[in-house]
Amino acid sequence: MVQNVKKVGENRYRETFGRCFEEFTVGDTYEHRPGRTITKTDNTWFTLLTMNTHPMHFDDEYAKASEFGKCIVCSPFTVALMVGMSVTDVSQKAIANLGWEDIKMTYPLFEDDTLYAESKVLDKRESKSRPGAGIVTVETLGFNQDGKQVCSFVRKMLIAKQGHSVEEKVNY
(Lines give C-alpha, C1' and ligand atoms only; values in the text may rest on other atoms or scores of the structure.)
Protein backbone atom coordinates (compact mmCIF):
# COMPACT_ATOMS: atom_id res chain seq x y z
CA MET A 1 0.00 0.00 0.00
CA VAL A 2 1.44 3.32 -1.02
CA GLN A 3 0.79 5.81 1.72
CA ASN A 4 2.26 9.27 1.75
CA VAL A 5 1.67 12.28 3.90
CA LYS A 6 1.46 15.85 2.66
CA LYS A 7 1.60 18.98 4.75
CA VAL A 8 -1.66 20.92 4.51
CA GLY A 9 -1.05 23.54 7.19
CA GLU A 10 0.97 24.47 10.24
CA ASN A 11 1.48 21.21 12.21
CA ARG A 12 -1.20 19.60 10.02
CA TYR A 13 -0.81 16.62 7.64
CA ARG A 14 -3.09 14.56 5.40
CA GLU A 15 -2.50 10.98 4.26
CA THR A 16 -2.61 10.24 0.55
CA PHE A 17 -2.54 6.97 -1.33
CA GLY A 18 -1.57 5.62 -4.72
CA ARG A 19 0.97 6.28 -7.42
CA CYS A 20 1.09 8.77 -10.24
CA PHE A 21 2.17 7.51 -13.67
CA GLU A 22 5.82 8.48 -13.10
CA GLU A 23 6.03 6.33 -9.96
CA PHE A 24 5.43 3.02 -11.74
CA THR A 25 8.43 0.92 -12.80
CA VAL A 26 8.06 -1.98 -15.23
CA GLY A 27 9.01 -5.20 -13.44
CA ASP A 28 8.08 -4.02 -9.93
CA THR A 29 5.68 -6.18 -7.92
CA TYR A 30 3.42 -4.76 -5.22
CA GLU A 31 2.14 -7.12 -2.52
CA HIS A 32 -1.32 -5.94 -1.46
CA ARG A 33 -2.16 -6.06 2.23
CA PRO A 34 -4.19 -6.71 4.23
CA GLY A 35 -5.55 -10.01 2.99
CA ARG A 36 -9.27 -10.75 3.21
CA THR A 37 -10.90 -13.78 4.84
CA ILE A 38 -14.10 -14.55 2.94
CA THR A 39 -17.14 -15.45 5.01
CA LYS A 40 -20.24 -17.38 4.03
CA THR A 41 -22.22 -14.14 4.34
CA ASP A 42 -19.83 -12.29 1.98
CA ASN A 43 -20.16 -15.00 -0.66
CA THR A 44 -23.94 -15.35 -0.34
CA TRP A 45 -24.63 -11.61 -0.44
CA PHE A 46 -22.38 -10.97 -3.44
CA THR A 47 -23.85 -13.93 -5.32
CA LEU A 48 -27.45 -12.93 -4.69
CA LEU A 49 -26.87 -9.17 -5.18
CA THR A 50 -25.48 -9.91 -8.62
CA MET A 51 -28.39 -12.26 -9.41
CA ASN A 52 -26.14 -15.28 -9.83
CA THR A 53 -28.49 -18.19 -9.22
CA HIS A 54 -25.94 -21.02 -9.25
CA PRO A 55 -26.46 -22.97 -6.02
CA MET A 56 -22.74 -23.84 -5.76
CA HIS A 57 -22.32 -20.44 -4.11
CA PHE A 58 -25.06 -20.52 -1.47
CA ASP A 59 -26.69 -23.96 -1.08
CA ASP A 60 -24.62 -26.15 1.25
CA GLU A 61 -26.62 -29.32 0.53
CA TYR A 62 -26.30 -28.90 -3.23
CA ALA A 63 -22.57 -28.15 -2.95
CA LYS A 64 -21.94 -31.26 -0.82
CA ALA A 65 -22.73 -33.38 -3.90
CA SER A 66 -20.15 -31.53 -6.05
CA GLU A 67 -16.53 -32.51 -6.57
CA PHE A 68 -15.59 -29.84 -4.00
CA GLY A 69 -17.97 -31.06 -1.29
CA LYS A 70 -18.77 -27.52 -0.21
CA CYS A 71 -19.69 -24.08 -1.55
CA ILE A 72 -17.15 -22.23 -3.68
CA VAL A 73 -16.63 -18.48 -3.76
CA CYS A 74 -18.34 -16.75 -6.67
CA SER A 75 -15.64 -16.01 -9.28
CA PRO A 76 -16.57 -12.36 -9.93
CA PHE A 77 -16.35 -11.77 -6.18
CA THR A 78 -12.77 -13.07 -6.19
CA VAL A 79 -11.89 -10.70 -9.07
CA ALA A 80 -13.65 -7.77 -7.37
CA LEU A 81 -11.79 -8.36 -4.11
CA MET A 82 -8.45 -8.55 -5.90
CA VAL A 83 -9.17 -5.30 -7.74
CA GLY A 84 -10.20 -3.65 -4.47
CA MET A 85 -7.10 -4.91 -2.68
CA SER A 86 -4.91 -3.40 -5.41
CA VAL A 87 -6.45 0.08 -5.48
CA THR A 88 -4.13 1.79 -2.98
CA ASP A 89 -1.10 0.47 -4.86
CA VAL A 90 -2.06 0.69 -8.53
CA SER A 91 -5.24 2.65 -9.23
CA GLN A 92 -5.90 5.18 -6.46
CA LYS A 93 -4.90 7.93 -8.91
CA ALA A 94 -6.50 6.31 -11.97
CA ILE A 95 -8.62 8.39 -14.28
CA ALA A 96 -10.24 5.27 -15.72
CA ASN A 97 -9.99 1.50 -15.89
CA LEU A 98 -9.45 0.62 -19.54
CA GLY A 99 -10.13 -3.09 -19.23
CA TRP A 100 -9.36 -6.50 -17.86
CA GLU A 101 -7.92 -9.28 -20.00
CA ASP A 102 -7.08 -12.92 -19.62
CA ILE A 103 -9.01 -13.53 -16.37
CA LYS A 104 -8.23 -17.04 -15.15
CA MET A 105 -9.66 -18.90 -12.18
CA THR A 106 -6.83 -21.33 -11.47
CA TYR A 107 -7.90 -22.99 -8.20
CA PRO A 108 -11.14 -22.93 -6.22
CA LEU A 109 -11.54 -20.41 -3.42
CA PHE A 110 -13.77 -21.45 -0.53
CA GLU A 111 -15.63 -19.71 2.25
CA ASP A 112 -13.27 -19.12 5.21
CA ASP A 113 -10.24 -18.96 2.89
CA THR A 114 -8.07 -15.86 3.10
CA LEU A 115 -7.29 -14.14 -0.19
CA TYR A 116 -4.03 -12.27 -0.81
CA ALA A 117 -3.06 -10.45 -4.00
CA GLU A 118 -0.07 -8.92 -5.72
CA SER A 119 0.37 -6.92 -8.92
CA LYS A 120 3.35 -6.78 -11.27
CA VAL A 121 3.84 -3.82 -13.60
CA LEU A 122 4.03 -5.25 -17.12
CA ASP A 123 4.05 -2.07 -19.19
CA LYS A 124 3.64 1.69 -19.06
CA ARG A 125 3.46 4.25 -21.81
CA GLU A 126 2.51 7.85 -22.32
CA SER A 127 -1.10 8.43 -23.40
CA LYS A 128 -1.30 9.56 -27.02
CA SER A 129 -4.49 11.56 -26.45
CA ARG A 130 -4.01 12.84 -22.88
CA PRO A 131 -0.74 14.62 -22.11
CA GLY A 132 -1.49 14.58 -18.35
CA ALA A 133 -1.76 10.80 -18.15
CA GLY A 134 -0.23 7.48 -19.07
CA ILE A 135 -1.38 3.90 -19.49
CA VAL A 136 -0.18 1.33 -16.97
CA THR A 137 -0.66 -2.42 -17.43
CA VAL A 138 -0.41 -4.78 -14.47
CA GLU A 139 -0.87 -8.48 -13.93
CA THR A 140 -2.62 -9.26 -10.66
CA LEU A 141 -2.36 -12.66 -9.00
CA GLY A 142 -4.53 -13.93 -6.15
CA PHE A 143 -3.46 -16.58 -3.64
CA ASN A 144 -5.17 -18.39 -0.81
CA GLN A 145 -3.70 -18.71 2.68
CA ASP A 146 -1.71 -21.79 1.59
CA GLY A 147 -0.04 -19.94 -1.29
CA LYS A 148 -2.12 -21.63 -4.01
CA GLN A 149 -2.79 -19.28 -6.91
CA VAL A 150 -6.58 -18.95 -7.28
CA CYS A 151 -6.93 -16.23 -9.91
CA SER A 152 -5.02 -14.01 -12.32
CA PHE A 153 -5.84 -11.18 -14.68
CA VAL A 154 -4.23 -8.36 -16.65
CA ARG A 155 -5.59 -4.86 -16.07
CA LYS A 156 -4.99 -1.61 -17.99
CA MET A 157 -5.56 1.80 -16.40
CA LEU A 158 -5.27 5.42 -17.41
CA ILE A 159 -3.19 6.95 -14.59
CA ALA A 160 -2.74 10.65 -13.91
CA LYS A 161 0.73 12.15 -14.10
CA GLN A 162 2.06 14.26 -11.25
CA GLY A 163 0.22 17.55 -11.08
CA HIS A 164 -2.78 16.22 -13.03
CA SER A 165 -4.74 14.04 -10.59
CA VAL A 166 -8.23 14.88 -9.36
CA GLU A 167 -6.74 14.69 -5.85
CA GLU A 168 -4.43 17.58 -6.70
CA LYS A 169 -7.13 19.60 -8.47
CA VAL A 170 -9.46 19.59 -5.44
CA ASN A 171 -6.74 19.62 -2.76
CA TYR A 172 -8.01 16.30 -1.47
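## A residue to start with

R33 is partly exposed, with a relative accessible area of 40%. Here, buried means under 20% relative accessible area, exposed means over 50%, and partly exposed lies in between (1.4 Å probe, protein chains only). R33 also forms a salt bridge with E31, and their closest N and O atoms are 3.9 Å apart. A salt bridge is a side-chain nitrogen of Lys or Arg within 4 Å of a carboxyl oxygen of Asp or Glu.

Before going on, a word about the model. It is a predicted one, in which local features need pLDDT of at least 70 and side-chain atom pairs count only at pLDDT 80 or more, while totals for chains, interfaces and linings use all residues. Residues are numbered from 1 along each chain as its sequence is written, and side-chain values use heavy atoms, with hydrogens and water left out.

## The overall layout

The protein has four helices and seven strands. These are DSSP runs numbered from the N terminus: helices are H or I with at least four residues, and strands are E with at least two. Starting at the N terminus, the order of elements is β-β-β-α-α-α-β-β-β-β-α. The C-alpha atoms fill a box of roughly 60 × 40 × 30 Å along the principal axes. Of the 172 residues, 41% count as buried.

Strands of a sheet pair through backbone hydrogen bonds, either parallel or antiparallel. In this protein, five strands make an open sheet in the order β3-β5-β6-β7-β4, with antiparallel pairing. At the edges are β3 and β4, each of which pairs on one side only. Neighbouring strands of the sheet are turned by 20° against each other on average, direction ignored. For such angles, axes are lines fitted to C-alpha atoms, for helices over the stretch in contact, and angles run from 0 to 180 degrees between N-to-C directions.

Look inside the sheet at β6 (residues 133-143), which pairs with β7 in the antiparallel sense over eleven bridges. Two strands count as paired if DSSP finds at least two bridges between them. Along this pair, V138 stands opposite R155 in β7.

## Salt bridges across the chain

The structure holds eight salt bridges. One of them joins the side chains of R19 and D89, at 3.6 Å from N to O. R19 lies in the loop between β2 and β3 (29-37) and D89 in helix α3 (residues 75-91), so this pair ties together parts that are 70 residues apart in sequence. Both partners are buried: R19 has a relative accessible area of 13%, and D89 has 3%.

Another salt bridge brings together the side chains of E126 and K161, at 2.2 Å from N to O. Because E126 lies in strand β5 (residues 114-126) and K161 in the loop between β7 (149-160) and α4, the pair links parts that are 35 residues apart in sequence. E126 is partly exposed at 46% relative accessibility, whereas K161 is buried at 13%. Elsewhere, K40, D60 and E111 are linked in a network of salt bridges.

## The largest pocket

The largest pocket has a volume of about 340 Å³. A pocket, on a 1 Å grid over the protein atoms alone, is an open set of points where a 1.4 Å probe fits, with protein on both sides within 12 Å along at least five of seven lines; lining residues have an atom within 4 Å of a point. Grid points are joined across faces, edges and corners, and the volume is the space filled by probe spheres set on the points.

Of the 19 lining residues, Q92, K93, S165, V166 and E167 are the closest to the pocket's centre. β2 gives the most to the lining, with four residues.
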